[in-house]
Amino acid sequence: MLGFLQRPVVVTADINLNVVALTAVGLLSRLWQLAYPRAVVFDEVYYGQYISFYMKRIFFFDGSGPPFGHMLLALGGYLGGFDGNFLWNRIGAEYSTNVPVWSLRLLPALAGALSVPMAYQIVWELGFSHCAAVGAALLILIENALITQSRLMLLESALIFFNLLAVLSYLKFSNSQKHGPFSPSWWFWLVLTGVACACAVGIKYVGVFTYLLVLGVAAVHAWHLIGDQTLSNVRVLCHLLARAVALLVIPVLVYLLFFYVHLLLLCRSGPHDQIMSSAFQASLEGGLARITQGQPLEVAYGSQVTLKNAFGQPVPCWLHSHQSTYPVIYENGRGSSHQQQVTCYPFKDVNNWWIVKDPGRHQLVVNNPPRPVRHGDIVQLVHGMTTRLLNTHDVAAPLSPHSQEVSCYIDYNVSMPAQNLWRLDIVNRESDTDVWKTILSEVRFVHVNTSAILKLSGAPLPDWGFRQLEVVGEQLSRGYHGSTVWSVEEHRYGRSQEQKERELELHSPTQTDVSRNLSFMARFSELQWRLLTVRSDDSEHKYSSTPLDWVMLDTSIAYWLHPRTSAQIHLLGNIVIWASASLATLVYALLFIWYLFRRRRRVCDLPEDCWLRWALAGALCAGGWAVNYVPFFMMEKTLFLYHYLPALTFQILLLPVVLEHISDHLCRSQLQRSLFGALVVAWFASACHVSNTLRPLTYGDRSLSPSELKALRWKDSWDILIRKY
């Protein structure tokens, strides 16, 4: 029974020394002098502030994408013992001694280093030679822009890593399909594919392009699997379910996990709270939670409330009124009602308070017990400080002439009766008897007389309106839009009928204690919606560029300049690799179309296994380039050269594939192959020479003389040469 103890336990392993060597040189190229320069480099000023928020557990909002990439950078800070105390306000600022620069840059550098052996394995798993696989890895290794981007506190290297991991995992899964379906390794690579896709999307939304590419290839393979007559129906169903779970369900769960950890860590109020709803803000420690603690939950007749617009654009604001009236005549010659102005004000103010009144009663206090307001009830809104009622009528709004003016009614004893009845519409109600609730309820106010809905137009009023935002009544029959939705943020039960006592009440804190916990899914849904809808600042940048500039490297970015010497870091690619990769993509497309037409004519230039390998390499490499490049032509945002790096990586993988194909299938004789091989060696030597020449701008560790700087401006030299000849 214990016979196994009489024999030694032996573990055998296959170690690919190519992978080991490539990993070693990848780590050396990315980790060498990683803490230099000890200064804020380009977008480190942008990501660094979010790392500080993580360290202090302060909520922030970054509209550029999901939180996983930020959490990876913050993990580096946590491992290095960073306390978050650094002012990220200037590119080039020297890091203080408490900032663990090496640790903060470690994870992006590791991602960049591991991309080198991963490139080798992808080309090898595609079925090409070790020589082609090593060539792909070496090109990733020496490409200057990839080195620069991976040595800083930036996200592109992590995005590229997970893009490549998703492709590699799927290839390993696909290859294991031939030998041992449903084996442990089969499941491992399939699940890892889904996890890697989720990580890519979780770093930047552009990661979804690689995810869709992998899903597309998997769908084609699944379609062929369905037609395999050697498999039973049950077996085919198991294959499809396994793929659906691993490639659809697991990525969604992992993506949700990123937000769960993100919201779990960021539990404190911060400077970006106001972009979120009142309910979201109240779920954070401090800030609004401190202000609203103890508020009554149910809004009743006589309640004193502040109403925040749910849209939050162009800035978060509250329904507001003041003593000033609309001008009798506007600048364009149109007339107004000369009623009291109603606006949306982006600051907390005593004039933001309104009283919910029962139209059938005169009292402005809450009964005992309180009478809650429900969906569908008719209410009047009384401005707390001026006691005038919210009103709208068939008079054009000041800046939106197709909408109605909203005002607080002043009786001028003219033929303009008050129209101040509003029907409460709870948008997120569960039933038609729902009670209007503080913070939790999203409501619309529908005007009884005209059916207009109270809406924030967002247009800033002229000086007579103190540049506050216009509020209008708009005929919207159906549909949801945040500009028409309001929520109660601050709330108290009114106790004083006299105006002077009520004014004192409006300045005093509330007393009732009601707990209000927002669920994770509610917070996730809101944050996700904000990430997708809130537009970031798209102002022009001096280093911004267009997708057409990227292909031939017609742009660069100065990342860092030494304050005392001429040492500097530029995001500048290796022109030999970039131009060759673009040429290889064009050659692949032409060859693929040629072979496709020939096969249609029943002429097979390639054996079936070579054709399938060639087609799969194109789908993943050329397709990976296309899906990560073409969408940028349709994006209305400020673009930079580094946006091209994920697409470039796939192009580089395709380059040795095309070279090997030319050598094996288009060079007819041994002499042609030898000559072509010599050309490839000379070409690779030139790529290495360019990489070494640009090394001072890649690492920034050496001062450059004016003549050296001029010599490195290859584009200017090339333009002069063209003009000369």
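Apart from its neighbours within four places in sequence, V134 is in contact with N18 and Y120. The model is a predicted one.

Helix 1 comes next. It covers residues 17-31, and at 1.5 Å a residue its 15 residues should span 21 Å. The C-alpha atoms at its ends are 21 Å apart, so the model agrees with that expectation. The buried residues of helix 1 are V19, L22, T23, G26, S29 and R30. Viewed down the helix axis, these buried residues fall within an arc of 135 degrees and therefore line one face of helix 1. An α-helix has 3.6 residues a turn, so residues three or four places apart point the same way. On the other side of helix 1, L17 and L28 are exposed. What do the buried residues of helix 1 pack against? Their partners are helix 4 (101-125), helix 5 (130-142), helix 6 (144-150) and helix 20 (695-699).

Another pair to look at is helix 8 and helix 10. Two packed helices are described by the angle between their axes and the distance between the axes. For helix 8 (residues 184-203) and helix 10 (residues 233-265), the angle is about 35 degrees and the axes are 8 Å apart. Their crossing is right-handed. Helix 8 contributes W186, W187, L190, V191, T193, G194, V195, A198, C199, V201 and G202 to the contact, while helix 10 contributes H239, A242, R243, A246, L247, I250, P251, V254, Y255 and F258. Sorted by class, the contact of helix 8 with helix 10 has 16 nonpolar, 4 polar and 1 charged residues.

The loop between helix 8 and helix 9 (207-226) holds K204. Is K204 buried or exposed? Its relative accessibility is 12%, and because the cut-off for buried is under 20%, K204 counts as buried. With neighbours within four places in sequence left aside, K204 is in contact with Y47, P66, L155, E156, L159 and Y642.

Note on methods. Residues numbered from 1 in each chain as written. Predicted model: local features only at pLDDT ≥ 70, side-chain atom pairs only at ≥ 80, totals over all residues. Heavy atoms only, no water. Axes fitted to C-alpha atoms, helices over the stretch in contact; angles between N-to-C directions. Helix = DSSP H or I, 4+ residues; strand = E, 2+ residues; numbered from the N terminus. Left-handed = near helix turned anticlockwise from the far one by under 90°. Contact = heavy atoms within 4.5 Å. Nonpolar A, V, L, I, M, F, W, Y, C, P; charged D, E, K, R; others polar. Expected span 1.5 Å × (residues − 1). Buried < 20%, exposed > 50% of the residue type's maximum accessible area, 1.4 Å probe, protein only. Arc of directions from axis to C-beta.
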